[in-house]
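Reader: I have not looked at this structure before. Could we go through it step by step?

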Amino acid sequence: MLSFTETRVVDATTRREARHWRDGRIFRALLSEYLVLWLSLAYFLVMLPIIPAIGSRAALSNILADMLPLLAVAVGQTFVLIVAGIDLSVTAIMAMASVVGASVMSSQGGFAGGTVFAAPLGFVAMLAVGAAIGLFNGFCAARLRMPSFIVTLTGMMFFSGAAIWYTTFHTETSSIAGLPRSFVAVGQGSTLGIPNSLWPVLALVLAAHFILARTAFGQHLYAVGRNPKAAAIAGVPVARVVILAFLISGLCAAVSSALYTGRLETGTPILGERMLLDIIGAVVIGGTSLFGGRGKVVWTVFGVLFLVLLDTSLKMLGLSLFSVLAIKGTVILLAAIVDTLRVRLTGTRS
Amino acid sequence: MIISRRTFTIGAMLAAGTAGWPAFVKAQGAKTIAVLFDGLYSPFWVAGLDAIKRDLESRGFEMVQAISDQDDNRQFEQVKSMLARNVDGIIIVQTDSNAVIPAIRAANEAGVPMVHFNRPPAESDAKSVTVLADNRRITRETVQYMVDVARERGGTYKAAILIGDLGDPNAVNRRDGFFDIVDQHQDIIEVVARIPTEWNADRAFSGLTNAFQANPDINFLFTSSDFMFPQIVQVMQVAGKLHPIDSPDHVIFGGFDGDATAYKLMEDKLLDADGVQDLFYEAELAVNAIVDLQAGKEVEPVLLDPGFAITQANLEERREDMWGYHIHKAS
């Protein structure tokens, strides 16, 4: 039989081991690639008895359709966050691309309106807007060494206003309608119950995953995000990598804009105005670090899934807008805290 | 049998979830109407939502509401969510008349009736019913009174108009109603400022401030919505332009909506005339339309609220018909 002192020593040892074991489990859980996916499934199962309709085919189809355009722009944001930057101008890119594209393809006075080239030219115009603004952001951040926060914040202000101003040249109302059915069908239509927007977004996601996981450029992105000085010493073209990250973000925002514009059948200069928190929040919830050097496209997919699932459930509950914003803000804040804890834990472990 | 803490916790959570299930299942039989507004940024919308809610509840409907915060895409997603929830009808206030069309089509496909409250959609093949005020006619009546006052006072006038969001047909019609009358009296009235507000009070404030700085002798002012009155009054006070109607420096002043602030300004003899929408009548029309559409009856695509202009001349006799007067009385 153990003495009192020996018992206390054994108890303390047991508690230390248990704590160590728990810390390890917590550590592994925080670093798990599939944490957000499991959270999404758990949340869905919890909400199912509360809102049975969320399990209906219509609701699940809505969740998928709502995910896709958000995922497109979030993928682009992932690239920028990996290089430790941030792109706050994505919503303005979406708005600008929306009205420029609509002004090209609208049957109500569009530059190519009524022709067979209307939709493709309109889409190309949208991509051109996204690429131009993305390149501008990247140039300012990489070559002029301006903080990406300021560059893209001012870009957001400027291009949001420019989108409204541009619209006034094309319509007396505040949006440009008369878009070709072929364009609208991509953002809005479905075939055999599968949204048409799934295919371009799937292509985008696969291409982004390939770039990050399988190319030298992808490795360069992570290197620049972790330590740009060390990356430069190692021969990584840091400025070019940063510029390309912002270019990709701009292009992804343009693709997202095309899908939203098709969905609403309207080029609107306020497209995405209230969406910035959702875009960045989805990427952060997925696990991409705000500090750079860490992120994956599949994580962003999980993050978008969770955010859209949360949003849909709150909509179906009929909660007030204030409640919805407060809840979503809290979730994103928690994700940011987890991100910080991850960085701290990995720093401690290494 | 020894039960570990983890096992007990999991078991308790499952039990709680199962026991709680019946508490969360909605009562069958009650019909649900989704009321989707784009914002509650003026007393008109707050009172409108309240009027619709009371009317629906008095008829035994359940109401579920959502606000889109002027985000067209968000509202489209809200419509889809409500359709997935199998609501029995939708009353909607959209931000953009074009961007709402896909939402109408979605409701048509689902066989759910949709009624637009106070704002019509753009023309399309999608089917819905709109309840709205005859904005152009009411504005004409209001501005005509203002012009009659101007004629009576004599002299010439520099006019300013605060215009709403031109994606909203109401704003377009009120602007057109203003110019329908003013353009006929160009001998005494010159419009020197067309202030775009996008239905934003801050823009109204800055736009009107700039207008008074550029044209200090503006003496004829019309606002397309009463919700901008607090900002307008503030600007006029700072510019030294807020004088009662019996003052020689009075700026002939008119508005549109008929809210409580408008009534107070009229009572204080600062406002000459205000176009009034019969909010309670419009709410009743909207709910009637939903009920009739659900019953399979044909409903006119546009249900018009004729409204009227309340002026200093008819204030006493018409104020009971002004929804803002009732809110003013209750406060």
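Reader: What percentage of the residues of chain B count as buried?

Author: The model is a predicted one. A residue is taken as buried if 20 or more other C-beta atoms lie within 10 Å of its own. Chain B has 331 residues, and the buried share of them is 52%.

Reader: How many helices and strands are there in chain A?

Author: Chain A has 350 residues, of which 49% count as buried. In chain A, residues 24 or more positions apart make up 77% of the contacts with a separation of 6 or more. The secondary structure of chain A consists of 14 helices and two strands.

Reader: And how many helices and strands does the secondary structure of chain B come to?

Author: The C-alpha trace of chain B spans about 95 × 50 × 35 Å along its principal axes. Of the contacts in chain B with a separation of 6 or more, 74% are between residues 24 or more positions apart. Its secondary structure comes to 12 helices and 12 strands.

Reader: How far apart are the centres of domain 1 and domain 2 of chain B?

Author: The domain assignment gives chain B a domain 1 of 32-132 + 279-305 and a domain 2 of 135-277 + 311-330. Taken over C-alpha atoms, the distance between the centres of domain 1 and domain 2 of chain B is 29 Å.

Reader: Which elements give two or more residues to the side of domain 1 of chain B that touches domain 2 of chain B?

Author: The contact between these domains of chain B involves 15 residues of domain 1 and 12 residues of domain 2. On the domain 1 side, seven residues are nonpolar, four polar and four charged. The elements of chain B that give two or more residues to that side are α2 and α10 (279-294).

Reader: In the open sheet of six strands of chain B with parallel pairing, which strands stand at the edges?

Author: The order of this sheet in chain B is β2-β1-β3-β4-β5-β11. The twist averages 20 degrees from one strand to the next. Two of the strands have a single partner strand each, so one side of each is left without a neighbour in the sheet; in chain B these are β2 and β11 (302-305).

Reader: What is the bridge partner of B:T130 in β11(B)?

Author: Strand β5 (residues 129-133) of chain B pairs with β11(B) in the parallel sense, over four bridges. The bridge partner of B:T130 in β11(B) is B:V302.

Reader: Which residues of β4(B) are buried on its two sides?

Author: β4(B) pairs with β3(B) in the parallel sense over three bridges, and B:I91 has B:V115 as its bridge partner in β4(B). In a regular strand, side chains alternate between the two faces of the sheet. Both faces of β4(B) are covered, and the buried residues are B:M114 and B:H116 on one side, with B:V115 and B:F117 on the other.

Reader: At about what angle to β1(B) does helix α2 of chain B run?

Author: Helix α2 (residues 43-58) of chain B lies across β1 (32-37), β2, β3 (89-92) and β4 (114-117) of chain B. Its angle to β1(B) is about 175 degrees.

Reader: Which strands stand at the edges of the sheet of chain B with mixed pairing?

Author: This open sheet of six strands in chain B has the order β7-β6-β8-β9-β10-β12. From one strand to the next, the twist averages 15 degrees. Each edge strand has a single partner strand, so one side of each is left without a neighbour in the sheet; those strands of chain B are β7 (189-196) and β12 (308-311).

Reader: What is the bridge partner of B:F220 in β9(B)?

Author: Strand β8 (residues 220-223) and strand β9 (residues 252-257) of chain B run parallel and are joined by three bridges. In β9(B), B:F220 has as its bridge partner B:I252.

Reader: Which residues have the most contacts inside the largest nonpolar core?

Author: The largest nonpolar core has 201 residues. Its largest share, 17 residues, comes from helix α11 (residues 238-264) of chain A. The residues with the most contacts inside this core are A:I93, B:I90 and B:A286.

Reader: Which element supplies the largest share of the side of chain B that touches chain A?

Author: 30 residues of chain B are in contact with 28 residues of chain A. By class, the chain B side has 13 nonpolar, eight polar and nine charged residues. The largest share of that side, 10 residues, comes from α3(B).

Technical notes:
Residues are numbered from 1 along each chain as its sequence is written. Chains are lettered from A and ligands numbered from 1 in the order in which they are written. This is a predicted model: local features need pLDDT of at least 70, side-chain atom pairs count only at pLDDT 80 or more; totals for chains, interfaces and linings use all residues. Two strands pair if DSSP finds at least two bridges between them. Axes are lines fitted to C-alpha atoms, for helices over the stretch in contact, and angles run from 0 to 180 degrees between N-to-C directions. Two residues are in contact if their C-beta atoms, placed from the backbone, lie within 7 Å. Ala, Val, Leu, Ile, Met, Phe, Trp, Tyr, Cys and Pro count as nonpolar, Asp, Glu, Lys and Arg as charged, and the others, Gly among them, as polar. A nonpolar core is a set of buried Ala, Val, Leu, Ile, Met, Phe, Trp, Tyr and Cys residues joined through C-beta atoms within 7 Å. A residue is buried if 20 or more other C-beta atoms lie within 10 Å of its own, exposed if 12 or fewer, and partly exposed in between; C-beta atoms are placed from the backbone. Domain bounds come from an automatic or database domain assignment.
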